[in-house]
Amino acid sequence: MSSFLSQEVPLSWYLLLSALLFTLGVVGFLIKRNLITVFMSIELMLNGVNLSFVTFAHQWHAVKGQIFVFFVMMVAAAEAAVGLAIIIAVFRARATLAVDRIDLMKL
Amino acid sequence: MTEIMNGSLHLWLIPVLPLAGFLINGLLGKRLPKFLVTAVALLAPLAAFAVVLIAAASTFFPQGFVRAMQGYDICCPDRAPSWTETFGTWINIGALHIDFAFVLDQLSLVMLLVVTGVGFLIHIYSVGYMKEDPGYARYFAYLNLFLFFMTTLVLAGNALVMFIGWEGVGLASYLLIGFWFSKASAVEAGKKAFIVNRIGDVGFLIGMFLLLANFGTLTFTEIATKLGQDPGWTGGVVTVIALCLLLGATGKSAQLPLYIWLPDAMEGPTPVSALIHAATMVTAGVYMIARTHVLFDHSPFALSTVAIVGAVTALFAATIALVQTDIKRVLAYSTISQLGYMFLGCGVAAYSAAIFHLMTHAFFKALLFLAAGSVIHGLGGEQDMRKMGGLRKKMPVTFWTMTVAVIAISGIPPFAGFFSKDAILYAAFQQGSLGKVLYFVGLITAALTAFYMSRLWYLTFTGETRSPDAHPHESPWSMLGPLVILALLSIGGGWISGAWTGVGNFGAFLGPVLGQTATESGGVPFEIILSVVAVIVAVLGWFVAEWLYGQKSEHPAQLAAALPAPYKLLANKYYVDEFYGATVIKPLMAISTYLLGWFVDKAILGGAAWLLGGIATFSGALLQRWQSGNLRSYAAWLAAGAAAVLLFFVLPWSNVWPASFDFIWKVVGH
Amino acid sequence: MHLIIFFVFAGFCLAGAVNLLLQSHPINSALSLIVVMTSLAVLYLLLGAEFLAAAQVIVYAGAIMVLFTFVVMLLNAGREERTMGSRTWRAVGFPGAAVILGVLATTILRTQGLGTAGMSQGITSTEDLSKVLFTELLLPFEVTSVLILIAILGAVALARHGSGDPHGIDVPNGNRERTAAK
């Protein structure tokens, strides 16, 4: 039991998880009808990618992999701020957050 | 054979002066006063004629005209003088070298004298004839344009420059036939003339191409040299070339089967018919055959074809002329018939005789047409001979000049026609058995010629006036002057040969260019017998006409009633036009309308355009739906695109192996 | 130990992600996402990325997701309604997503040479990370901070201009349709 429990986890499982998270983010991006939820799916995709970066950083003992994740987080933060501001502006103009209703470029 | 002498003859002036007349009258004619237009128009051919005379005098007759006519070699004993002037290179590609070359030798001199001389007389005549016509300046502009092209044709030193003139005279003919373009029949006639000419020109073009392919040159003298050097050039290719050129000549000179345009061309003004369709343009075919006679000499088959075509056409046209009622139609068919004589002369290698007949024919045919024009003008536009009559007293000058012309064309000595026609018939008789058959055809045609010309004479001038409403009056002297001059030429034009029979000095003059006429066998007495026979036959024709038309007027009607079928056949011109209409024109129209018009134009081309437009519209509509503004569909396509990119990089069937792909593959350890 | 922790928190990740998709109210989706992020932080720890785990919790789960929640509650976005859209995403998007998953999975599963991760192996200390971050990659670091400054300014500018209310965010009720005055 302990040998089983002290087994090490193959890195491919981490990568699989990352792929799954990414794909779930894509699916959410496709099927969700609320603008904010769509945005959240994008964040999910980013997180999946982050996981794969960290995995590879562990594989190659490369610190730069983790620094890249750090940068991704920063950019995601900036993006979230601006994106949500845009969503608020859109909501002010359209009074709706349904993705299908927001189909004109000109607000 | 080129004679280089000091100085230049300025041969280019001969075509350019009429061209200048054309430009001035054509561009400015409407704004100039009438006398100025007339002056410009008359100056052009007169000046050209003067240049021709000066050129001739300095080249050919430095020792005097009389000595030249006595057969002395003209300027240099051993060589045939001909003067070539080149005005620059036209085509210079590889081995092909064609210049703008004008050649003045004896043959072109004779033609030029006829063209510019008779042309000048007809210009004078036109001043009177077209006086009230609103298109006065345009008319003279076209006439000068015609002179420009005709002189180019005559002076040409190679076939391509001749072709310029060839096509150009066809154009001028079209413009002048359809001069009164508000008349539908005139427009149709002009089109018909041009198109039929073009059909013949195909032959000329193919002949030129074959000449280029086989001889590498189009210059007449070079072709003659090449043919003379190699005795192997007989039959075969030479025959084909000659026949192609013959096709071109039949189109221009209105022989079978392309003569149909000439009768219709009578829609144009009468001086035009006189100049173009009697004296000059239609003789271009004969001139061309004479120029390229070396080719024909090397191909007996082609020569026989030329002779047969000429003889058959002569007889054919003469029969049609028997029953025509329009005075100009009679003259038109007469022209075709006489051109047949010229072709017959060429076909028996008697080129000098043919040119001789060309010259005399120019005189009396132009006279005939101009006199007919005077009659028409005097009667206020009437052209139907059945309505004429009794004009003898009312238009005396016209009457006497026309009489001279009728006698000349019938071949009665000592008028001009006798000498030339007799020369041709005599030469024909000597060419073996075919020649004798053609001789008899020519003889019969001579009888018919005398008959129908006399018929015309009787119907027009004698008897009672059949048109009481008209007030026939004599024409002004601007029209009568040329008539008188041409009458004098018709009387004395034949004496230039200096001999009672044969071509005599005329043939000697043209000898260096055209080769000697076939030597006489049988001697002079035999020739005299033949000519007497011809005269008797002509007089017979005159008697028959006198019996039918000179006394009472029921005989012709009885004759026509007695032979209804032949009469109808002749009156309808053997239904040739209808035949062509059914066999050539109808299928062409059908092809144009259905095959080309409907199938190619509408279905294929229209369909292709429609298809292209349809594709653009369709794909546009399709793509338009892609840009819906719908976020989720955009998202979907994004995902699909990302998947495609991934696939492209991962799957091994991609032809392109980018470096990144290799890197990925290396990273994952394959 | 490593295995158990991995399975547990990987399960949380997936459960949270799936829940994000299944929930109809955005606030539930936001909370599921927070679960995903914190689980990911644990996974980072398992892989030896201490600093990143902390950053994940502080920045992602603590700031970004709070922002999301804040906006959801501000805009009072209700449950999602059924709307009519194009069918494209069903025909094109799902296969696309499936292909992506398939390709990635295939590639991952067929590779060899990937190592394993065990407890307390390959731990990257914060000191190592900062050594590289502030020497080699100083420029990207500074640029990122400028980026964040711009983002702040942009967000303030975007959210500020309203229909005549300069002091705060104007939230219209559903009846009033107005165009944004720019």
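**View 1. Contacts across the sequence of chain C.** Take the contacts in chain C between residues at least 6 apart in sequence: 53% of them join residues at least 24 apart. Two residues are in contact if their C-beta atoms, placed from the backbone, lie within 7 Å. This is a predicted model: local features need pLDDT of at least 70, side-chain atom pairs count only at pLDDT 80 or more, and totals for chains, interfaces and linings use all residues. Residues are numbered from 1 along each chain as its sequence is written, while chains are lettered from A and ligands numbered from 1 in the order in which they are written. Chain C has six helices and one strand. Their order along the sequence is α-α-α-α-β-α-α. Helices (H or I, at least four residues) and strands (E, at least two) are DSSP runs, numbered from the N terminus. Of the 182 residues of chain C, 27% are buried. Buried means that 20 or more other C-beta atoms lie within 10 Å of a residue's own; exposed means 12 or fewer, and partly exposed lies in between, with C-beta atoms placed from the backbone.

**View 2. Confidence along chain C.** The mean pLDDT of chain C is 82, and 80% of its residues score at least 70. pLDDT is the predictor's confidence in each residue, from 0 to 100. The highest confidence in chain C is in α2(C), at a mean of 94, and the lowest is in β1(C), at 75. Two stretches stay under 50 in pLDDT: residues 163-168 of chain C and residues 173-182 of chain C. For residues 163-168, the model has four contacts beyond four places in sequence. For residues 173-182, the model has 14 such contacts. For the complex, the predictor gives an ipTM of 0.89 and a pTM of 0.68.

**View 3. Helix α2(C) and the glycine after it.** The 21 residues of α2(C), at 1.5 Å a residue, should span 30 Å, and the end C-alpha atoms are 30 Å apart, which agrees. The expected span is 1.5 Å times one less than the number of residues in the helix. C:G48 follows α2(C) and has a positive phi, near 90°.

**View 4. The contact between chains A and C.** Chain C puts 81 residues into this contact, and chain A puts in 66 residues. On the chain C side, each of these supplies at least two residues: α1 (2-22), α2 (26-46), α3 (50-75), α4 (88-110), β1 (116-117), α5 (126-133) and α6 (138-160). That side of chain C holds 59 nonpolar, 17 polar and five charged residues. Here Ala, Val, Leu, Ile, Met, Phe, Trp, Tyr, Cys and Pro count as nonpolar, Asp, Glu, Lys and Arg as charged, and the others, Gly among them, as polar.

View 5. Strand β1 (residues 9-10) of chain A pairs with β1(C) in the antiparallel sense, over two bridges. Strands pair if DSSP finds at least two bridges between them. A:V9 has C:A117 of β1(C) as its bridge partner. Chain A has four helices and one strand, in the order α-β-α-α-α. Of its 107 residues, 56% are buried.

View 6. The largest nonpolar core has 209 residues, and B:F146, B:A354, B:A366, B:L367 and B:A405 touch the most other members. Helix α16 (residues 351-378) of chain B gives this core its largest share, 18 residues. A separate second core of 80 residues includes A:F29, C:A30, C:V92 and C:I100. A nonpolar core is a set of buried Ala, Val, Leu, Ile, Met, Phe, Trp, Tyr and Cys residues joined through C-beta atoms within 7 Å. Leaving out residues up to four places away in sequence, B:A354 touches B:V286, B:A290, B:M342, B:G345, B:C346 and B:I424.

**View 7. The loop between α9 and α10 of chain B.** B:L256 and B:P257 are joined by a cis peptide bond, with omega about -5°. B:P257 sits in the loop between α9 (237-252) and α10 (261-264) of chain B. B:A254 is also found in the loop between α9 and α10. B:A254 is not glycine, yet its phi is positive, near 55°. B:A254 counts as buried because it has 30 C-beta neighbours inside 10 Å. Most residues other than glycine have a negative phi, and most peptide bonds are trans.

**View 8. B:A349, another positive phi.** B:A349 is not a glycine, but its phi is positive, about 60°. B:A349 is in the loop between α15 (327-347) and α16 of chain B. With 24 other C-beta atoms within 10 Å, B:A349 is buried.
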